[in-house]
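The exercises below are to be worked with the model open in a viewer. Each task is followed by a solution in steps.

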Amino acid sequence: MLEEKMQNRSARARRAASVIFFTLLIAAITILAGREFLSMRRDDPIFPSSGLTARRLLSDYFPPLKGGPGDTPVFVFDGPKKGGRILILGGTHPNEPAGYVSAVTLIENIRIAAGTVIVIPRANASGFTHSDPQEGSPQRFSLETPSGRRSFRLGSRVTNPVHQWPDPAIYVNPMGQELAGVEARNLNRAYPGKPDGNLTERVAFAVMELIRHEKIGLGIDLHESAPEYPVINAIVFHENAADLAAMAQMDLQADGFEFRLEASPPKLRGLSHREWGDAAGIKAVLLETPNASHGRLKGKPSEALVVEGKDPNYERAAKLGRLFVPFGPEGIPLKERVARHLAGVRALLKSLSELEPDNTVTIGGFPAAEEIRARGVGAFLK
């Protein structure tokens with residue numbers, strides 16, 4: 001009897017020890033995962049070039065954003081000579097990294113000889129603080145720079161639900177377009193915004209206030225799309241910018257870049273390339289590059305997929321004729337996508353100077369596409 005009691009006591013002790021061990025293990029995993037998740041709320045550092053003339057916040061143009069999750073840095077580069085005034089947006093969709101990295105690359109390299117360039121690298125700042133649910137995407141990706149590896153957040157397509165909730169069943173955007181409820185958190189469906197709207201609409205309104213206050217003449221919104229999406233490797237243009245886009249396309253083709261021209265659909269409301277042109281009367285374009293990590297046909301999500309852009313699923317899809325871009329074993333790496341974006345920006349500025357000499361924007365330190373292809377985008381980051 002005594003031996004049986006001792007065995008039972010020993011078994012209970014082992015069970016208790018197991019419970020304590022697994023409780024502590026779960027607690028440790030939760031703490032580590034929580035720290036990693038919360039790290040997405042910290043902005044990646046950006047190191048502007050010596051050409052920076054002012055560093056502002058979006059809330060400077062719309063004070064109600066001040067100190068909130070929609071506020072975001074605005075980098076201003078003024079040249080010594082008068083010229084055109086352009087706005088470049090990255091990070092409208094934070095899960096489209098080429099737009100964000102292209103904007104950062106410009107900020108860290110350019111100097112302006114004539115005109116003004118304003119860059120917002122994280123247009124939807126809230127979207128950078130979380131990942132798309134049920135996608136399994138990495139929270140970060142890294143690039144090699146001359147002084148070591150540098151980490152960047154890979155965010156979500158839409159505003160963090162912690163900052164804007166709940167989604168309506170049907171979202172009616174500021175222009176009356178009916179969309180799926182989740183689109184209430186999509187910055188590129190919220191223009192021209194509302195000063196008293198939801199967070200995403202207020203961010204869109206602030207961008208419009210910047211455009212009006214700074215007298216922007218040309219706005220460029222940098223995006224990525226899935227290789228199976230028909231509007232890809234494209235310049236999407238408002239009719240105000242039709243001539244500009246056509247001239248830029250010819251220059252890009254002469255340099256070996258295939259770009260399609262896509263007119264902004266007049267009845268698809270709330271998008272930057274439509275509402276910037278309609279509400280502010282500026283030339284408005286959106287650039288799209290192909291991103292395998294963004295698509296529905298991709299294999300396992302990973303940092304390598306984001307940076308290297310290789311995926312056997314997309315290779316098979318290309319052979320079956322299911323894609324709108326070529327896709328081989330070399331993939332479509334981030335450096336190629338950034339090179340395309342910067343080549344597109346350069347071509348648009350060249351066309352602007354030819355069409356409107358008084359609005360010329362002259363930029364020095366602009367990384368050439370062939371250099372980015374050869375050396376990688378990290379070679380131009382600090």
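**Exercise 1. Salt bridges**

How many salt bridges does a search of the whole structure find? Then characterise the pairs Arg85–Glu214, Glu108–Arg150 and Arg269–Glu275.

Solution. 

Step 1. The model is a predicted one, and side-chain atom pairs are counted only at pLDDT 80 or more. The search of the whole structure returns 24 salt bridges. Side chains of opposite charge can pair when their charged atoms come close.

Step 2. Take Arg85 and Glu214: their closest N and O atoms are 2.7 Å apart. This pair links distant parts of the chain, since Arg85 sits in strand β3 (residues 81-89) and Glu214 in the loop between α3 (199-213) and β9, 129 residues apart. Now classify the two partners. Arg85 has a relative accessible area of 26%, so it is partly exposed, the range for that class lying between 20% and 50%. Glu214 has 8%, and because buried means under 20%, it is buried.

Step 3. Take Glu108 and Arg150: the N to O distance in this salt bridge is 2.6 Å. Here too distant parts of the chain are linked, with Glu108 in the loop between α2 (97-107) and β4 (111-120) and Arg150 in strand β6 (residues 148-153), 42 residues apart. Both Glu108 and Arg150 are buried.

Step 4. Take Arg269 and Glu275: the closest N and O atoms are 2.8 Å apart. Arg269, at 19% relative accessibility, counts as buried because the limit is 20%. Glu275 is buried as well, with a relative accessible area of 1%.

Step 5. Look for shared partners. Salt bridges that share partners join Asp43, Asp44, Arg122, Arg140 and Arg153 into one network.

**Exercise 2. Helix α4**

Check the span of helix α4 (residues 242-254) against 1.5 Å a residue, and determine which of its residues are buried and which exposed residues lie on the face turned away from them.

Solution. 

Step 1. α4 has 13 residues, and at 1.5 Å a residue it should span 18 Å. The expected span is 1.5 Å times one less than the number of residues. The end C-alpha atoms are 19 Å apart, which agrees.

Step 2. The buried residues of α4 are Leu244, Ala245, Ala248, Gln249 and Leu252. Seen down the helix axis, the buried residues of α4 fall within an arc of 130°, so they line one face.

Step 3. The face turned away from that buried side carries the exposed residues Asp243, Met250 and Ala254.

Step 4. Ask what covers the buried residues of α4: the cover includes β9 (218-225), β10 (234-237), β11 (260-263), β12 (283-290) and α8 (334-355).

Step 5. Beyond the helix, α4 is followed by Gly256, whose phi is positive, near 90°.

**Exercise 3. The largest pocket**

What volume does the largest pocket have, and which residues are the closest to its centre?

Solution. 

Step 1. The largest pocket holds about 830 Å³ of space.

Step 2. The pocket is lined by 45 residues, and the closest to its centre are His93, Glu96, Arg157, Glu224 and His294.

Step 3. Assign the lining to elements: β9, β11, β12 and α6 (303-308) each supply at least two residues. The largest share, three residues, comes from β9.

How values were computed:
Residues are numbered from 1 along each chain as its sequence is written. This is a predicted model: local features need pLDDT of at least 70, side-chain atom pairs count only at pLDDT 80 or more; totals for chains, interfaces and linings use all residues. Side-chain values use heavy atoms; hydrogens and water are left out. Helices (H or I, at least four residues) and strands (E, at least two) are DSSP runs, numbered from the N terminus. Buried means under 20% relative accessible area, exposed over 50%, partly exposed in between (1.4 Å probe, protein chains only). The arc is that of the directions from the helix axis to the C-beta atoms. Contact means heavy atoms within 4.5 Å. A salt bridge is a side-chain nitrogen of Lys or Arg within 4 Å of a carboxyl oxygen of Asp or Glu. On a 1 Å grid over the protein atoms alone, a cavity is a set of points where a 1.4 Å probe fits but cannot get out, and a pocket is an open set with protein on both sides within 12 Å along at least five of seven lines; lining residues have an atom within 4 Å of a point. Grid points are joined across faces, edges and corners, and a volume is the space filled by probe spheres set on the points.
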